[in-house]
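Dear colleague,

Please find below a structure that I am passing on to you.

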Amino acid sequence: RLESSRLERLTSALVKYTCGLGILEDVLRDPHIEDAYVNAPVGLNALHVVVDGEECTSNVFLSEPDVESMISRLRAISGRPFSEANPVLDMDLGEFRTRVSVIGNPLSRGLAYAFRRHKTTPWTLPQLVAKKMLSPYAAGLLSLMVDGQSSILVTGTRGAGKTSLLGALMLEIPQSYRILAIEDTPELP
């Protein structure tokens, strides 16, 4: 006969590994981890994590069955297709405040995952300058452009910081203005 506390721990582990994301749930619940990713082929590449701004290689290796069942769960959660015809899946995991990007064949030699944690407070132009993500002159020019009601196109590759920059620019807009945002990323402030 099992004690109720032990039974609850076993039930939680069973749910995590059958219906959830397995060991990645523990990784995503750690408040110090900002990003986690694993490159294809997963059996040969360890899970990489960014802890308090420092990139580290962990001792966690995911198996092919792990990543195959994970993509099935992510497809079910998002309701989006993922196949050779649609080899990229981007979605939000609200429970973990995390954005997930998955890439598969034919764009990759197997499944590769990237988990990016949403920042709890939006970026500002001074923060982007302090982190050397933007020069002071560029920040000043962008602020003047927003103040002058200029049209600005923010573009770049995945993970380049488009949403972070756009969020910082939106904070430069006077509060008396109305903003209409049409987006597929619910991360803007």
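The notes below concern the salt bridges of this structure.

This is a predicted model, in which local features need pLDDT of at least 70 and side-chain atom pairs count only at pLDDT 80 or more, while totals for chains, interfaces and linings use all residues. Residues are numbered from 1 along each chain as its sequence is written, and side-chain values use heavy atoms, with hydrogens and water left out.

A salt bridge here is a side-chain nitrogen of Lys or Arg within 4 Å of a carboxyl oxygen of Asp or Glu. By this rule there are four salt bridges.

One of them joins Lys 16 to Asp 26, with the closest N and O atoms 2.9 Å apart. Lys 16 belongs to helix α1 (residues 4-18) and Asp 26 to helix α2 (residues 23-29), so the pair ties together parts that are ten residues apart in sequence. Helices (H or I, at least four residues) and strands (E, at least two) are DSSP runs, numbered from the N terminus.

Arg 29 and Glu 95 also meet in a salt bridge, at 3.0 Å from N to O. Arg 29 lies in helix α2 and Glu 95 in the loop between β4 (88-93) and β5 (98-103), so this pair ties together parts that are 66 residues apart in sequence. A network of salt bridges links Glu 25, Arg 29 and Glu 95.

Asp 35 pairs with Arg 116 in a salt bridge, the closest N and O atoms being 3.8 Å apart. Asp 35 is in strand β1 (residues 33-38) and Arg 116 in strand β6 (residues 112-117), so parts that are 81 residues apart in sequence are tied together.

With kind regards
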